[in-house]
There are 2 protein chains.
Amino acid sequence: MTSPAGRRKHGRPTISDVAALAGVSAGAVSKVFNGTGRISPPTAERVREAARKLNWTPNPAAIALRTSRAQAIGLVLTSSSPVPEVGAANVGLISGIESLLSPREYGLLLNVFLTGHHDESAFYRSLAERQRMDGVILTNSVVGDTRFDLMRDLGVPAVLVGTPWKPGVVDYIDADPPSAGIPETVDHLVGLGHRDVAFVSGPAGFVLPNIRREAFTARLAHHGLTPHSVSSVGYSPAAAAEETSRLLDVAAPPTAILYGTDTMAIAGMRTIQSRGLRVPEDVSVVGFEGLEVGEWVDPQLTTVQRFAFQRGRAAAAKLLGLLGETIEEDVPLEKPVLIVRQSTAPPRSR
Amino acid sequence: MTSPAGRRKHGRPTISDVAALAGVSAGAVSKVFNGTGRISPPTAERVREAARKLNWTPNPAAIALRTSRAQAIGLVLTSSSPVPEVGAANVGLISGIESLLSPREYGLLLNVFLTGHHDESAFYRSLAERQRMDGVILTNSVVGDTRFDLMRDLGVPAVLVGTPWKPGVVDYIDADPPSAGIPETVDHLVGLGHRDVAFVSGPAGFVLPNIRREAFTARLAHHGLTPHSVSSVGYSPAAAAEETSRLLDVAAPPTAILYGTDTMAIAGMRTIQSRGLRVPEDVSVVGFEGLEVGEWVDPQLTTVQRFAFQRGRAAAAKLLGLLGETIEEDVPLEKPVLIVRQSTAPPRSR
């Protein structure tokens, strides 16, 4: 220990000083601070302790040159509201992603993208140029989505949570099939005796809402029925409430309404109740996501459990795999399942 | 335009080629790609367009050396559950932070820290050494918190959301006073006629729960009352449900219960109702945060609105200010306010 201490008097400590003090090779020190290779936790701690004692820190730019790794992945959420909101379903998604990143000391670089407020392409380009993330998880794919080509051009590995608008453009994670949950919901409502079922779905132009609307209509046709109505509104409680009011104002309102998300369904229930109608006696309601909040509302919400945590975890596993990491954890992705609670019941005879 | 095109044949394009094509100085190109200085959006777009045409990208490590900026801030959340959960209140916080970061093309590097699963100090050290963030927003301060000294040692600007355990250790954002909302809640319950009020509060050892427990007891004393009970449990619905069961099992249960968070309060309400008791007729319930979900449950939750979005926004503004950014946006931080809904009422006479 005389050597490093002696060296410190004459200049900045070097990686060799740290290696000597910790009793390891300089390469091992490099691995500890670059997060590359495999170093046992006790050895890594000894290296860090030596670095602390010598007040040595690696040159970050040198690390970047050596490793070309940001040790972070990006998550891009889009929000059509005036503020960059992180929706309730995204909480599960983020938690699932973190469940794989956190143990690897990867950071999650969150970017909430306000639709129409940024030059989206310039934004991604800037992120890639700055080497701020090693790969990116994308959400909310739209028909004609250009982000996948852009990511390929930029050399940034990408995984989509959801289904892309055409095959082969990007790696992705989704239920198999992506419409899973819709046929089961239609069967449940028709089985209860509903003939006038409406679908207040997510925005037009988005891939998954499109797929779900088609599956909804197809499954009703399977039962010899046509939809009471299918509407496309923004992913927001306010938009769902407004559309619900419109549906209840028609001469023959639906006896059951399926909503694009749980929060939309809850806003729909409140709208129905605010008019003096009862859920499910007057109108049955079904949500789509399986958020915990569905158990807390009155009546408890019938919904499709889509396992947001698992989706996030599976997306992170796929992306880390593309980055060359070994994933030893289990990353199951269960098929979405209809959870029947209190918000659905047979329709009253008219 | 001949010159840059000619140069490309003979080697990699340079920053001067991009400057020439865009009709600006090399310094202006540098500013656009470093995110430093002030460049008008049209000029910036012209520079990016020129870079695209020439297929020129800046050397990221060179940028790091020049600017020493990650153009990202960190947000550290802690979770005591087995998985890295992002709590409901954190959604508002993240959205508020993003409302200032997103327009500046700053990223938010999210790190969910599992209490007891990491060497926390080594983790922060690693983040700082890798120059992955320019500053950090911390949450969930504990008594004796060592993170602030660590951040100072590492040279990483930090802002705490909450109140530090002793004055002067870190910049912070909190309500003034940090106990705001507690006296108002006690006054509301006592005004309704409650004499046996319990507080199921957050974990022992955390700063804000400590402050709130003291404020609760002090305000009851102001009315000549003592608490029915004050308990410290983990920030989780399950812990709140368990503690509620315990309170209802005693010979003289409380007639009103204040909970440390809204989700704890909702879990408490469900526990009360599952025993055949009614809220608020048998037990009044008050939450603490003001999440939107409080409007959706039955009965609607009386709670203290604490404006998580504003807290996030104010913390981001303070941190960006420490980093030398000019904040022109409004960053109000309103005083927490009691929202009386349906979950509180006069106690039944015994």
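**Ground rules.** I worked from a predicted model in which local features need pLDDT of at least 70 and side-chain atom pairs count only at pLDDT 80 or more, while totals for chains, interfaces and linings use all residues. Residues are numbered from 1 along each chain as its sequence is written, chains are lettered from A and ligands numbered from 1 in the order in which they are written, and side-chain values use heavy atoms, with hydrogens and water left out.

**Salt bridges.** I looked up salt bridges, taking one to be a side-chain nitrogen of Lys or Arg within 4 Å of a carboxyl oxygen of Asp or Glu, and the count over all chains came to 26. I took helices as DSSP runs of H or I with at least four residues and strands as runs of E with at least two, numbered from the N terminus. For accessibility I used buried for under 20% relative accessible area, exposed for over 50% and partly exposed in between, with a 1.4 Å probe and protein chains only. Glu49(A) is partly exposed at 33%, and Arg52(A) is partly exposed at 27%.

Arg52(B) is partly exposed at 26%, as is Glu49(B) at 32%. I then turned to Glu289(B), which forms a salt bridge with Arg306(B) at 3.1 Å between the closest N and O atoms. Glu289(B) lies in strand β9 (284–289) and Arg306(B) in the loop between β10 (302–305) and α13 (308–322) of chain B, so the pair ties together parts that are 17 residues apart in sequence. Glu289(B) and Arg306(B) are both buried.

**Helix α4(B).** I checked the length: the expected span, 1.5 Å times one less than the number of residues, is 20 Å for the 14 residues of α4(B), and this agrees with end C-alpha atoms 20 Å apart. Which residues of α4(B) are buried? I listed Thr43(B), Ala44(B), Val47(B), Arg48(B), Ala50(B), Ala51(B) and Leu54(B). They lie on the same side of α4(B), because they cover an arc of only 160° around the axis, the arc being that of the directions from the helix axis to the C-beta atoms. Exposed Pro41(B) and Pro42(B) are on the face turned away from the buried side. Just after α4(B), I noted a positive phi of about 55° at Asn55(B).

**Sheet in chain A.** I traced an open sheet of 6 strands in the order β7-β6-β8-β9-β10-β11, with mixed pairing, where two strands pair if DSSP finds at least two bridges between them. Strands β7 (229–232) and β11 (337–339) stand at the edges with a single partner strand each, so one side of each has no neighbour in the sheet. Strands β9 (284–289) and β10 (302–305) of chain A run parallel and are joined by 4 bridges. In β10(A), I found Gln305(A) as the bridge partner of Glu289(A).
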